[in-house]
Amino acid sequence: MRATLTRAVRRGRLACEAGMTTAEYAVGTLAAVTFALVLLAVVKSGAVKSGLAGVIAEALGLR
């Protein structure tokens, strides 16, 4: 009887942890997408765009 109860408790714990893992992946994915959008907005800004163009032009010897 005790072994059956122990197995049932273990199954319950595993079921709860499986859901938390999925939620953690969802939060991590959402954070990564948010970071990518912020980074894209920064790179598309005028100052960064002209700075990158200057670095590339100098590297290619166009200046």
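A polar contact is taken here as a pair of N or O atoms within 3.5 Å, of which, within protein, one must be able to donate a hydrogen and the other to accept it. In the predicted model described here, such a pair is formed by the backbone oxygen of Val-42 and a polar atom of the Ser-45 side chain, which lie 2.7 Å apart. Ser-45 is placed in the loop that runs between α1 and α2. With a relative accessible area of 28%, Ser-45 is classed as partly exposed, because this category lies between the limits of 20% and 50%.

The protein chain contains 2 helices and 0 strands. The helices are α1, covering residues 2-43, and α2, covering residues 46-59. Of the 63 residues of the chain, 3% count as buried. The accessible surface of the protein chain amounts to about 5,600 Å², and carbon and sulfur atoms account for 71% of this area.

A nonpolar patch is present on the surface, made up of Phe-35, Leu-39, Val-43, Leu-52, Ile-56, Leu-60 and Leu-62. Together, these residues have about 730 Å² of accessible area. Both α1 and α2 contribute to the patch, each with at least two residues. The largest share, 3 residues, is supplied by α1.

Note on methods
Residues are numbered from 1 along each chain as its sequence is written. This is a predicted model: local features need pLDDT of at least 70, side-chain atom pairs count only at pLDDT 80 or more; totals for chains, interfaces and linings use all residues. Side-chain values use heavy atoms; hydrogens and water are left out. Helices (H or I, at least four residues) and strands (E, at least two) are DSSP runs, numbered from the N terminus. Buried means under 20% relative accessible area, exposed over 50%, partly exposed in between (1.4 Å probe, protein chains only). Accessible areas come from the Shrake-Rupley method with a 1.4 Å probe; for residues, only the protein chains shown count as cover. Patches are made of residues with over 30% relative accessible area and no salt bridge: like charges are joined within 9 Å, nonpolar side chains (Val, Leu, Ile, Met, Phe, Trp, Tyr) within 5 Å. A salt bridge is a side-chain nitrogen of Lys or Arg within 4 Å of a carboxyl oxygen of Asp or Glu.
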